[in-house]
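Here's a quick tour of a model, written for someone who likes to see the cut-offs next to the numbers. Have a look at the sequence and coordinates before reading on.

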Amino acid sequence: MRKLLATSILITSAGFMTSATAEPVNWNTTTSGTYTCTSGFGNSCTFTSNGQNLSARAYATTGPSKVSPFEAATLQIFSQGLGVNSLTEKNSSPQHALDNDGRNELIIFEHYSSNYLFTGFQVGWFSGGSDLRVWVGGSNLGYGYDFSGIRFSELDGLGFIQFDFSNVGNTPQSLGDGITGPYLIISPPAEDKNDYVKISQISGAASGTPPAEIPEPGTLMLLAIALLGLAAGQTRRTCNAS
């Protein structure tokens, strides 16, 4: 009986922990979200949702070729989402978006967990095309990794998995539920031209896809207390019988 009660308490505690860590998170990466940004070339922004932080930095290739290495760029936040200005790019529409016109631009999002599950993203504005290439991974790179000098062709060797999306428009896009890592990279395909987008939302989950019908933490705690009371009562009866 005591073994059964102990097992029940452990299961209840595990359920409580799961309910506390598996809640989905949607970061609003527009000016209406909760964020702080540094200024100047090579800046960054940090977005907060449900007590979790997500940072973002911008890079662009040093030239128009898709094999050119990355260098820091300026990350900009608008009412429709995040855009990028490379070193020589004019700060005007649509060039202030994330684009592949001339230099190939990318936004790198980073979560503080090394095995975080990014589940999706959304575009808040687009012009021309809206094809996007996404990479998830980089668990061995450490926090705050500097991608300067890296090439698109080298991301696979750094532990990233690539996803391709065509004409996403403003529809939320899913990344599935099997690939984890602290970094999410979004860029229009380097072999295309005239894709201009602004990223308005990033989605994730703390530990895989949240299970359905998880009891509320308060219900789980009350059940755990009840089980502990039963265990104490069983112990007293055993001692009296002795």
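Predicted model: local features only at pLDDT ≥ 70, side-chain atom pairs only at ≥ 80, totals over all residues.

## Ground rules

Residues are numbered from 1 along each chain as its sequence is written, and side-chain values use heavy atoms, with hydrogens and water left out.

## The disulfide

Taking a disulfide as a pair of cysteine sulfur atoms within 2.5 Å, the count is one. The bond runs from cysteine 37 to cysteine 45, with 1.9 Å from S to S. The link between cysteine 37 and cysteine 45 is right-handed, at 110° about the S-S bond.

How exposed are the two ends? Cysteine 37 is partly exposed at 33% relative accessible area, while cysteine 45 is buried at 1%. (Buried means under 20% relative accessible area, exposed over 50%, partly exposed in between, using a 1.4 Å probe and protein chains only.)

## Aromatic contacts

Rings of Phe, Tyr and Trp (its six-membered ring) pair if their centres lie within 6.5 Å; planes under 30 degrees apart are stacked, over 60 edge-to-face, and the rest tilted. Across the whole structure, that gives eleven aromatic pairs. One of them is tyrosine 35 with phenylalanine 47: the centres are 6.0 Å apart and the planes sit at 40°, so this pair is tilted. It links distant parts of the chain, with tyrosine 35 in strand β2 (residues 35-37) and phenylalanine 47 in strand β3 (residues 44-49), twelve residues apart. (Helices, H or I of at least four residues, and strands, E of at least two, are DSSP runs numbered from the N terminus.) Tyrosine 35 is partly exposed at 30%, whereas phenylalanine 47 is buried at 1%.

Tryptophan 135 and phenylalanine 152 make a stacked pair, 5.5 Å centre to centre with 25° between the planes. Tryptophan 135 belongs to strand β11 (residues 132-137) and phenylalanine 152 to the loop between β11 and β12 (160-165), so the pair ties together parts 17 residues apart in sequence. Tryptophan 135 is buried at 5%, and phenylalanine 152 is buried at 11%. Elsewhere, Tyr59, Tyr145, Phe147, Phe160 and Tyr183 form one aromatic cluster.

## The largest pocket

The largest pocket has a volume of about 150 Å³. Its lining includes Trp135 and Phe152, along with Lys66, Arg133 and Glu191. By class, the lining has six nonpolar, three polar and three charged residues.For the bookkeeping, a 1 Å grid over the protein atoms alone is used, and a pocket is an open set of points with protein on both sides within 12 Å along at least five of seven lines; lining residues have an atom within 4 Å of a point. The volume is the space filled by probe spheres set on the points, which are joined across faces, edges and corners. Ala, Val, Leu, Ile, Met, Phe, Trp, Tyr, Cys and Pro count as nonpolar, Asp, Glu, Lys and Arg as charged, and the others, Gly among them, as polar.

## Backbone details

Most residues other than glycine have a negative phi, and most peptide bonds are trans. Here, the peptide bond from serine 93 to proline 94 is cis, with omega near 0°, and proline 94 lies in the loop between β7 (81-85) and β8 (98-99). Asparagine 167 has a positive phi of about 45° and is exposed at 58% relative accessibility.

Definitions and conventions
1 Å grid on protein atoms, 1.4 Å probe; cavity = no way out; pocket = protein on both sides within 12 Å on 5 of 7 lines; lining within 4 Å.
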